[in-house]
Amino acid sequence: MNAVGIDVSKGKSMVAALRPMGEVALLPQEFLHTEVGLEQMAYAIVALGEDTRVIMEATGRYHEPIAAALHEYGIYVCVLNPLFIKQSGGGSIRKVKTDKADAMKIAKYGLDNWVELREYTPMDTVRQQLKLCSRQYNLYMKTVVSLQNNLISLTDKTFPGVNELFSSPERADGHQKWVDFVMTFWHCDCICRVITTAAQQLLAGKTTLAALRAEMTRLAKQLPEYDTVRAMYGVGETTAAQLMAEIGDVRRFPRRSSIVGFAGVDPAVDQSGKHSAKSVPTTKRGSPHLRKTLYQIVCTYLKRSPADEPVYQFLDKKRAEGKPYFVYMTAAQNKFLRIYYARVKECLEAFDERQDTVQN
């Protein structure tokens, strides 16, 4: 049993391997992120023998080519959230921060948690790309909202309320009738150029958003759980892609409470001795992007009031008990995530069974 820890950085990686009882199978070595360097890394890992697993942290985009290259060599690769490694402590009270020490620490974590490691698959690359598009979408959305408010402020000087004259929804390419109207029928020479420029910037931002939405949908449809997520009440085409991007593969969560904790919509615990707080805020430990998407979905339940939906029934029950707005909204997000976990996990398990049947 060989646990290989890889400390990934920009342009190079430090590799070390441990066996049970603290035996060092491979002293820390540095490999460059070149074709030759990755090949040498793969050969060094394969030389350790069978029953070898590689563990690395998810470090932005730097870990992706290493994980993909080692996977092509048939090596078992596991990509972990860096928080797991940090919380493990590494078995030392001294704070040592070097690439060599980090590689050994990651390898030790692999040995200690051998049975819980989950293998990296090419499908994880699609999930990473989807997450990247989702984060870019959120970034551009903030910009578009600012540009839109700016344009409304400018047009109020010449066309007060023009943005409220057209009720047509935004087209798939990002165009809106009131923006096109402003670009075509501007007047008042003193500010026409300013307004036209503002409208062009807004249109460019909305066009980018439309392209990102299309790419997110294309990537999301490649994942087996897309139809299951899309069929859930309150989940649209964009929110489905955002949910899948931020949550990833639900099989990496051992239980429903784990995914709730990951999202940060679980109530924190404040208890010591005889003291036990009755009202405690949520942990908010996980992704704020995921919590924002969940809030948007629960708002749909609140607006449409679907009496036959379990999430709304739970929300309405908490509201009837006199709970504050953010309490029952967070509770509904918690409920939705638990249902999401059960349905998507069942879908993925059925998908794996079909894949095994086809291969056999």
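This is a predicted model: local features need pLDDT of at least 70, side-chain atom pairs count only at pLDDT 80 or more; totals for chains, interfaces and linings use all residues.
**Ground rules.** Local features need pLDDT of at least 70 and side-chain atom pairs 80 or more, while totals for chains, interfaces and linings use all residues. Residues are numbered from 1 along each chain as its sequence is written, and side-chain values use heavy atoms, without hydrogens or water.

**Helix packing.** I looked up H9 (residues 237–247) against H13 (residues 325–359); helices are DSSP runs of H or I, at least four residues, numbered from the N terminus. Their angle is about 80°, with the axes 13 Å apart. Axes are lines fitted to C-alpha atoms over the stretch in contact, with angles from 0 to 180 degrees between N-to-C directions. That makes H9 roughly perpendicular to H13 (65 to 115 degrees). I find Leu243, Met244 and Ile247 of H9 touching Phe336, Leu337 and Tyr340 of H13 (heavy atoms within 4.5 Å).

**Salt bridges.** I searched the whole structure and got 13 (a side-chain nitrogen of Lys or Arg within 4 Å of a carboxyl oxygen of Asp or Glu). Arg135 pairs with Glu246, closest N and O atoms 2.8 Å apart. Arg135 sits in H5 and Glu246 in H9, so the pair ties together parts 111 residues apart in sequence. Glu246 is buried at 2% relative accessible area; Arg135, at 30%, is partly exposed. Buried means under 20%, exposed over 50%, partly exposed in between (1.4 Å probe, protein chains only).

I also checked Asp249 with Arg118: 3.4 Å, N to O. They are 131 residues apart, both in loops. Asp249 is buried at 3%; Arg118 is partly exposed at 29%.

Conventions. Helices (H or I, at least four residues) and strands (E, at least two) are DSSP runs, numbered from the N terminus. Angles under 35 degrees count as roughly parallel, over 145 as roughly antiparallel, 65 to 115 as roughly perpendicular and the rest as oblique.
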